[in-house]
Amino acid sequence: KLEERYKTNLGNAKIDNANDFESIDKLDDLMNELNEKINDDEKEKVSAKIEKDALEKTINNIAKELTEANDYIATEKSIEATKQYLAAIEKNILEAQNALNAAKAKESDISNYKKNIAILNSKTDEFVKLEEKKKELDSLNTKLWNLQNSLKNNKNSEKALEEDINKKTEELKDLENIEVEKIKNERDSSEIQNFLNTLNNLQDKFSKREVAVRKFYESKELYEQKKGEYDKEDKILGEMNEAYINGYSYILAKNLMDNEPCPVCGSKEHPKPAISEIEPPSKEKIDRHSKLVDKLNKECENSKNAYDEAKTNALSIHDSTEKSFEEIYNTKCNDFKQAKYDLELDIRKNKKSLSTLKLDLDDINVKCEKKKQLTDILPKCQDKLNSIKTSIQDNEKELATLEANIVSTKQIISDKKASLPYDSLDKMNHAISEMNKLCKQYEDAIQTA
């Protein structure tokens, strides 16, 4: 039954893969049914096993036949595909023939392109020369720019230097008489300093006069003091001597006898004998007092000498001071105190004037140094200015030559551009490359066709 059913299914196939697989599924279902029967009925186990083996053999045969059937189906499909492929090849051959005919029509274009490429390649050297001229023009323009900047800088330097020279010349002109001012300042300073020295000397004399006068009065006072002490003690000494003489005269008189000679004068008459009620001082006391008087006398003499010397010195200094004052101010000094005050004012005034002159001299010395610097630097500035002027003249000559070269070079470039088919070598090379691409494209199309 299974074989008949398989044959039936196979006969109905005209083979369809889905149906084939469906037939196999049905056989599998039958196999499953047999397996169930074998399991259900132990008694029929052996016969069922035999039937199962037979069925497996049948299935294997069916599978083999089914494979052969599938191969047959595949072969039929391959034949159909081959027929379709042959039709496509015929179509492609037709298209290739058309493409070949179209490509051959471009052969004249290829020939023209190659001729143009040859012509353009022959222009390469001219383009190289043109590029060289362009580079030369760029170099000339760079030189022109640098030269114009150099000329501009030189003219600016010339203008600045001329202004500086004019300024320095004016400064030098203002300092033209500075040496005369310095000489006058030094002369005035010297005169004031000399006069100030004279005033200082006079002030010194005033001071010395004050000291001398003070010493004069001090020595006078001391002398008068010493003289007073001496006179006092000398008087006392005289009194002591008198008392001593009177005392001893009284003693002698008391012992005188009539008609006997006096031990002092030898007279035998004694009309008026000495009378004294005071006891005479001792010789030792008189000697001590005498030494004191001698000492005071010596001190008095010394003070007198000092006084005389101080007086002489004071008069001398006074006369000298008065004379100096009169020489300086052409008038007599009637009031030394007022004269000293006026002198101090005059000294301060002259010191202030001298200080002002010294400050002025410092400023003059600075100006003198500046004049020296200006005198030294102006010739150098003038030399530098002359050098700049020469550079400007050279720049202008070079600039004229360079501008002429640029005009000439531009004309050459213009002429060369007019004779060339493209503005640049790059553009020409690009055109050649494009024509080469077209030629290759057409040749490849012909070869492909």
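Asn-330 counts as exposed, at 68% relative accessibility (exposed means over 50% relative accessible area, buried under 20% and partly exposed in between, with a 1.4 Å probe and protein chains only). The residue lies in the loop between H7 and H8. Its phi is positive, about 55 degrees, although Asn-330 is not a glycine.

The model is predicted: local features need pLDDT of at least 70, side-chain atom pairs count only at pLDDT 80 or more, and totals for chains, interfaces and linings use all residues. Residues are numbered from 1 along each chain as its sequence is written, and side-chain values use heavy atoms, with hydrogens and water left out.

The protein has nine helices and zero strands (DSSP runs numbered from the N terminus, helices being H or I of at least four residues and strands E of at least two). Of its 449 residues, 24% count as buried. Contact means heavy atoms within 4.5 Å. Among contacts between residues at least 6 apart in sequence, 86% join residues at least 24 apart.

Helix H7 spans residues 283-329 and helix H8 residues 336-419. They pack at an angle of about 50 degrees, with axes 13 Å apart (axes are lines fitted to C-alpha atoms, for helices over the stretch in contact, and angles run from 0 to 180 degrees between N-to-C directions). H7 is therefore oblique to H8; angles under 35 degrees count as roughly parallel, over 145 as roughly antiparallel, 65 to 115 as roughly perpendicular and the rest as oblique. On the H7 side, His-318, Thr-321, Glu-322, Phe-325 and Tyr-329 take part. They meet Phe-336, Ala-339, Leu-343 and Asp-346 of H8.

The largest nonpolar core has 24 residues (a set of buried Ala, Val, Leu, Ile, Met, Phe, Trp, Tyr and Cys residues joined through side-chain atoms within 4.5 Å). Helices H4 (107-122), H5 (124-174), H8 and H9 (425-448) each give two or more residues to this core. Leu-161, Ile-165, Leu-402 and Ile-406 have the most contacts inside it. Neighbours within four places in sequence aside, Leu-402 touches Leu-140, Lys-143, Leu-144 and Leu-147. A second, separate core of 14 residues includes Ala-212, Leu-296, Tyr-307 and Ala-310.

Asn-154 sits in helix H5. This residue is buried, with a relative accessible area of 16%. Beyond neighbours within four places in sequence, Asn-154 is in contact with Ile-388, Ser-391, Ile-392 and Asn-395.
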